[in-house]
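Let's take a walk around the metal sites of this model. Have the structure open beside you.

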Amino acid sequence: MQWYKSSLGKKYIMAVTGLAMVLFAIVHMLGNFTIFAGPGGINAYAAGLQGLGPGLWLFRLALLTVFLVHIWMGVSLYLENKAARPSEYAMKQNHRTSFSARTMIWTGVILGAFIIFHVLHFTVHAFHPYYATFVDAAQRHDVYRMVVMGFQGFPMTLIYIAAMVVLLLHLAHGIQSFFQSLGATNDATLPTLEKGGRGVAVVILLGFVIVPITIFFGVIRL
Amino acid sequence: MNLTLYVWRQKGPKEKGSLERYEAKHVSPDSSFLEMLDEVNEDLIKSGKDPIVFDHDCREGICGMCSQMINGIAHGPDTEITVCQLHMRKFKDGDSIYIEPWRAKAFPLISDLMVDRSAFDRIIESYGYTSAHTGGVPDGNAIPVSKVNADIAMDAAACIGCGACVAACPNASAMLFVSAKVSHLGVLPQGEVEAARRVKAMVSQMDAEGFGNCTNHYECEAACPKGIKVTFISRMNRELLKAIPQVEKKAAGGGF
Amino acid sequence: MILDGKCPTGPIETSWDRHRFEMKLVNPANKRKFKVLVVGTGLAGGAAAATLGELGYNVEAFCYQDSARRAHSIAAQGGINAAKNYPNDGDSIYRLFYDTIKGGDFRAREADVWRLAQVSNNIIDQCVAQGVPFARDYAGYLDNRSFGGAQVSRTFYARGQTGQQLLLGAYQALCRQVQAGSVKLHTRREMLDLVVVDGEAKGITCRNLVTGQIESYWGDAVVLCTGGYVNVFYLSTNAMGCSVTAAWRSAKKGAYFANPCYTQIHPTCIPQSGDHQSKLTLMSESLRNDGRCWVPKKQGDERAAHQIPEDERDYYLERKYPSFGNLAPRDIASRAAKEQCDDNRGVGPGKRGVFLDFADSIKRLGEDKIRERYGNLFDMYEKITDENGYKQPMRIYPAPHYSMGGLWVDYNCMSNVPGLFVLGEANFSVHGANRLGASALMQGLADGYFVIPNTIANYLARITPGKVKDDHPEFKRSREEIQGQMDKLLSIKGKKTVSELNRELGKVMWNNAGMARSEQSLKEAIKRIPELREEFWNNVNVTGVSGSTNQQLENAWRLADFLEFAELFVKDALHREESCGGHFRVEHQTEDGEAMRDDENFCYVGAWEFKGIDKEPELHKEPLKFENVELAVRSYK
Ligand SMILES: Cc1cc2nc3c(=O)[nH]c(=O)nc-3n(C[C@H](O)[C@H](O)[C@H](O)COP(=O)(O)OP(=O)(O)OC[C@H]3O[C@@H](n4cnc5c(N)ncnc54)[C@H](O)[C@@H]3O)c2cc1C
Ligand code: HEM
Ligand code: HEM
Ligand code: SF4
Ligand code: F3S
Ligand code: FES
């Protein structure tokens, strides 16, 4: 048997891809903060990224792979785990696990849907093709304008905030989980990592939602 | 005290099972849970019915034979005990109690509350040992073992193979059991020699048995009567990571 | 008939080595052709099956539990002895040998005990190599503690779970052989008959406890390692499934049963709390290091412990045995507790209990120190009794624990039926009339790892492998007989349940043949047992069918065997007109109530030949010679 087909192998892959996405999310979140520097900030940041050229595509390809592998492994783990208990208990109490741990597959699927939606929204501009035409004074793509306009409507803001809550749930379990899956915990660190993981998840939530909220309430304006 | 029981009755693996209702009357709070079931069984026999089948032997919490899900909790509502150590004073007069067998694909049901846990044996057979030949071993003191490691090994070796971890795990995963043995032997100099082969073989056998995967719910730890910690799972994850690059022609009993 | 134990003669120090040299060997290429059946997977059976498999024999192993790892050896808490002398406190093979002979009250064979002491050291090495996590000190070396009256520290231990760890070591070694294909495991199988062809053991008949199928297994030799029989008392520290069945059915096929009346009653068990009770739980006797045993001086005193003033308490062990005090040996401490309760000075519900009081030690050392030493035992006590041993004295009472008697074997561990070997608690060999603490584990592993692999070859080398297989008519006959018995049990459809009758037998045995036995009590038992047997076969109610899982049926045949065996037990106790070790006849005691041996008339092993139910068994004697230890009175005053 190949190691990656084993249960532990799948977990390693799950953890590594999860970790990669968490890191991406953090960087992305920090990147989003450039919006507070006004159009100049975020547009320059976006342009910088665009300037990477083939590098950007390489990165996107890697991210897409990570994303797909994570989904594939996540779904297959879920199906295998279902199959491991064909008949359910009439009564089952849990003591240690959490809501977020038990809903990983569902929060994951919602996140997947959100990310597709989100990329269609801001990267492909599928809903508002004219987003592509926004250009700022320096002839850069006007991401600032796009984002601010994107969050002007209540439904869109709600979708993003809801998605970020789902992300919180996914990461509240996920962050400490990849330490455990990669064998990086011990009796002394596990409780701290569990708490810390949840803390980081909350920070990520706040870091992301601050953008749509500030826009919605008009703190950031065109 | 008087109790209402809902007990899973199923004649055999192919028959259909269901929860049956029984009344347990005049139960002494000092009796153990299994003694309460003994008395219910006496009544069943006297009324010409088949008594409830359940596994048990030592009745002192060490053989690992007893195995019941009581009100949805593996080994019932008390900490670090087995069903046979559970006493009726943990319940109140008039309580309803649900009693079900361990449920997992890898633990097929035999009858009523009795399941087949031979998958655990096959996992140990796959490499849950040191390959020491009888005789021809060095003096017990020839290789010192640090007290820290001896204690870790002992913590892990306390596992009684009861299967509560599997029963309690939302994924019916056997990670806690397997990691306990991997850790016990891996941490001792006597077992470390073959640690890489061992962890590969045991994990692949575990998978072949149809247990679920671990998604870190930690319910197993909460259910374990011997206080085996989930950090042993972490240790096993580490051991396998170390082992993967060690290419070998063929590990005993499968492996990778 | 005078039995011959076939012990090697000459200097005892070299007896085992010489014997090993003199025994025949089986050619490595031929080992595969010999099939050996090992019944039982405890320390004795697990070790034997693993080692025989390793040597290349074709082994099949059996146990009634769902896994080999669950044999009752797993319950041993205290530790295992060995003469390593690591603490440098004067231990030696000779001292271990001497202590065991004396501890057994001079009723064991010298040569067997010497061998046990000699291989004890190899056992520790072997277990360490298997990964048994023995306690270690900070330098990384093995730790020892003292145990059971010995004056040296020779007990190796793994927290309070020594038996479990040793068993897991043996089980893992066994699993390794299963993987290698040399051992085949049959779990959830109960041996119900020994198949003897032309006077030699050639196989067994089992019931598959899941399907109810009656199955035959052939082998060139049968190794019984089926543990002890103290469940004949119904309540004991043994597991629910421990029975005399395998041994008794072998006895009915011609194997002699030796010293059945030698049973050990352990002093520190948790008292019975009511009629619902199904088993008794042992607490390590190390508790007696810091606990003081006492009862109220007044008969029928109903007051709580703390209400009884100091001068109204009787610290009876300290009073009677000033030099050993609370640490008097097991048999003595047990009997003393019984005397107090018989005198209506017992405590707790049912008044069958004495106090084990830690108040003084807590005052002297502090509660933390006591917690550190015995915390897990206090927790266990609280789980079972709901009482806090730190706040009020524990209550303890003796409980049946170990059987020194068992099937008779010679020095090679072979019974008088050629091809039938018996190891571990199931045989009678090394503990005489009383077993020392931490010696049973040692015996099981000695027999399994180091004795049988040598001695079985001596037998196998003389026979042709596979001469008799399970197509022999004797196997069919045995299957039919067993099936007939099942059908009979299921057809009675009487009024009493198996456990009701089981309790009744237990009561008779405990009251009449327990800690103290008199001619009168034994004769009463001899009258009662056949009556109970009669009632059982006419009035028992076993539900269900034989062709499926049927735990009532299992209990029924185990009880049926106890009902026959109990009679032999009592007859042995009646015939042995002396007190020795665990066998205490009230007629034979010194003025101050100590056991009085009669070496002139009873310095022998009493091995009984079964002649038929309701027929008198025949006694065969194996005289015991003491050439290396002087016969002496055992005194603990
Ligand atoms: C609570 C307790 C504590 C103890 N503590 C200590 C201690 O600290 N130190 C010490 O030295 N000793 C101790 N002892 C004694 C010691 O544990 C036992 O004497 C010893 O383990 C017996 O080992 P065994 O291999 O002979 O039998 P067991 O371990 O009892 O094994 C019997 C085997 O035979 C099988 N079997 C039985 N009948 C049948 C049948 N009919 N068909 C098929 N299989 C059958 C069973 O399945 C089992 O596998 C203790 C005993 C008890 C009960
Ligand atoms: C795209 C759809 C997604 C699906 C279907 C999905 C599914 C899952 C599932 C089922 C798990 C549980 C597996 C386990 O705990 O072992 C999981 C774990 C995890 N996920 Fe996701 N997820 C998705 C997206 C994400 C995203 C976007 C992130 C990060 C931003 C992420 C981070 C993690 C992390 C860190 C873990 C823990 C890994 C571990 O336990 O080792 N996931 N995912
Ligand atoms: C409120 C929160 C978020 C905001 C405001 C936001 C904003 C943006 C913007 C503006 C872009 C387009 C950048 C560009 O085209 O130049 C973008 C791209 C992207 N975002 Fe987000 N994002 C948010 C949350 C997330 C989350 C939680 C994820 C997943 C973990 C995510 C994943 C991505 C991805 C994968 C891209 C495409 C990157 C690429 O072009 O390759 N975003 N986001
Ligand atoms: S790890 Fe705990 S719950 Fe699992 S088998 Fe071992 S003792 Fe039982
Ligand atoms: S409960 Fe199950 S998911 Fe893992 S941590 Fe324990 S095996
Ligand atoms: S019966 Fe042995 S652990 Fe419960």
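Predicted model: local features only at pLDDT ≥ 70, side-chain atom pairs only at ≥ 80, totals over all residues.

Residues are numbered from 1 along each chain as its sequence is written, chains are lettered from A and ligands numbered from 1 in the order in which they are written, and side-chain values use heavy atoms, with hydrogens and water left out.

Start with the metals. Donors here are N, O and S atoms within 2.8 Å of the metal (3.2 Å for Na, K and Ca), and with water not among the atoms, sites may look incomplete.

| Iron atom of | Protein donors | Distance | Angles among 6 donor atoms |
|---|---|---|---|
| ligand 2 | His70(A) (NE2), His170(A) (NE2) | 2.0 Å | 87 to 179° |

Ideal angles for six octahedral donors are 90 or 180 degrees.

**Around ligand 2**

Where do His70(A) and His170(A) lie? His70(A) lies in helix H3 of chain A and His170(A) in helix H7 of chain A, so the pair ties together parts 100 residues apart in sequence. Helices are DSSP runs (H or I, at least four residues) numbered from the N terminus. His70(A) counts as buried because its relative accessibility is 14%, and His170(A) does so at 12%; buried means under 20% relative accessible area, exposed over 50%, and partly exposed in between (1.4 Å probe, protein chains only).

Ligand 2 is surrounded by 24 residues, with Lys11(A), His70(A), Gly108(A), His170(A) and Ser177(A) the closest; a residue is near if one of its heavy atoms lies within 4 Å. Chains A and B both contribute, so the site is shared between chains. H7(A) gives the largest share of the shell, 7 residues. By class, the shell has 13 nonpolar, 10 polar and 1 charged residues. (Ala, Val, Leu, Ile, Met, Phe, Trp, Tyr, Cys and Pro count as nonpolar, Asp, Glu, Lys and Arg as charged, and the others, Gly among them, as polar.)

As for oxygen atoms of ligand 2, one is 2.3 Å from an N or O atom in the side chain of Lys11(A), and a polar side-chain atom of Ser181(A) lies 3.0 Å from an oxygen atom of the ligand.

**Around ligand 3**

His28(A) sits in helix H1 of chain A and His118(A) in helix H5 of chain A, 90 residues apart, so to speak linking distant parts of the chain. His28(A) counts as partly exposed at 25% relative accessibility, whereas His118(A) is buried at 19%.

Of the 18 residues around ligand 3, His28(A), Asn32(A), Arg60(A), His118(A) and Met164(A) come nearest. A polar side-chain atom of Arg60(A) lies 2.8 Å from an oxygen atom of the ligand. H5(A) gives the most to this shell, with 5 residues, and the shell divides into 13 nonpolar, 4 polar and 1 charged.

**A helix in chain B**

H5(B) is mostly covered, with 12 of its 12 residues buried, including Lys181(B) and His184(B).

Definitions and conventions
Polar contact = N/O pair within 3.5 Å; in protein donor to acceptor, adjacent residues only side chain to side chain. Helix = DSSP H or I, 4+ residues; strand = E, 2+ residues; numbered from the N terminus. Tetrahedral: all angles 85-135°; square planar, octahedral: opposite > 155°, others 65-115°.
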